[in-house]
Amino acid sequence: MSATARKTALMPTDILAAKGGTPLVSLTAYTTPMARMMDEHCDFVLVGDSVGMVLHGLPSTLGVTMEMMVLHGKAVARGLQKAMLVIDMPFGSYEESPEQAFRNAARLMAETGAAAVKLEGGAHMADTIAFLVARGVPVMAHIGLTPQSINTLGGYKVQGRADEAEALLAGARAVADAGAFSVVLEKVPANLADRITAEIAIPTIGIGASAGCDGQILVVDDMLGLFTAFKPKFVKRYATLGEDGEAAIAAYAADVRARSFPAEEHIFADTAPVKGPAS
Ligand code: KIV
């Protein structure tokens with residue numbers, strides 16, 4: 001089956017229709033096994049450009065390429081049957097013009113089977129969002145802390161406090177009016193996230209925002225405790241797989257050095273006598 005023929009139970013129109021209902025559940029994924037684990041539990045799965053930091057050890061998301069997104073997008077698609085697949089447009093793949101954005105969004109969707117793309121930016125991306133939507137590309141917007149802009153934002157700070165709030169609200173309205181089917185609100189004050197959720201007609205997906213958003217998303221390696229370089233305040237760790245994994249690796253190393261692994265149950269017997277060297 002080609003990637004473009006892929007079909008999951010949920011579509012962007014279903015996500016849009018979920019506004020104001022049971023909160024939407026979402027996580028990022030970058031590999032097939034992770035996607036399989038979350039398929040039953042998530043409404044949509046995002047192949048986030050966080051893949052650069054989480055799996056490739058990059059210092060930020062700025063070095064993530066289209067090739068990386070296609071590779072991980074295909075892997076995640078193989079693990080999903082029910083949850084909708086959304087894929088991030090990497091830095092530099094959409095900001096130049098609506099035409100550039102369409103070319104790269106179409107490639108991501110055609111090669112991975114994703115049902116939608118996500119891109120960062122508020123009012124200044126509205127024309128691009130409208131251009132994409134008019135040409136069959138469903139867009140999830142992403143405002144507040146937009147990690148691809150850390151160099152202009154001055155770091156990973158909370159966005160939309162005090163006199164920045166109105167501009168963020170205007171950005172949310174602009175992406176909704178442009179036709180985005182949902183919008184990620186990252187690291188914004190809870191009262192502002194609640195106000196945006198009340199004032200726009202598309203679902204808000206919170207990450208470091210508010211429990212009042214229409215849905216939530218987390219980076220899966222953060223919530224499983226696999227990514228331990230740092231832990232943002234908004235992350236709740238539901239497991240400690242990083243620590244558990246390192247303890248398991250240490251136990252394996254000790255077993256190998258003590259010749260207690262492999263044990264009887266891990267090796268193969270041969271009933272035929274072992275022949276000595278030919279004389
Ligand atoms: O890249 C990513 O993982 C994201 C989510 C955290 C929203 O954009």
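The legends below describe close-up views of a predicted model. Residues are numbered from 1 along each chain as its sequence is written, and side-chain values use heavy atoms, with hydrogens and water left out. In this predicted model, local features need pLDDT of at least 70 and side-chain atom pairs count only at pLDDT 80 or more, while totals for chains, interfaces and linings use all residues.

**View 1. Residues around the ligand.** The shell comprises Thr-28, Leu-46, Gly-48, Asp-49, Ser-50, Asp-88, Lys-118, His-142, Ile-207 and Val-219, where a residue is near if one of its heavy atoms lies within 4 Å of the ligand. By class, three are nonpolar, four polar and three charged; Gly counts as polar, and Asp and Lys count as charged.

View 2. A polar contact is a pair of N or O atoms within 3.5 Å. An oxygen atom of the ligand lies 2.5 Å from a side-chain N or O atom of Ser-50. For Asp-49 the corresponding distance is 2.9 Å, and for a polar side-chain atom of Asp-88 it is 3.1 Å. The protein buries 95% of the 260 Å² that the ligand exposes when taken alone (Shrake-Rupley method, 1.4 Å probe).

**View 3. Strand β8 and its partners.** Strands are DSSP runs (E, at least two residues) numbered from the N terminus, and two strands pair if DSSP finds at least two bridges between them. Strand β8 (residues 215–218) runs parallel to β1 (residues 24–28), with four bridges; here Ser-26 stands opposite Ile-217. Strand β7 (residues 204–207) is also parallel to β8, through two bridges, and Ile-205 has Gly-215 as its bridge partner.

Key
Polar contact = N/O pair within 3.5 Å; in protein donor to acceptor, adjacent residues only side chain to side chain.
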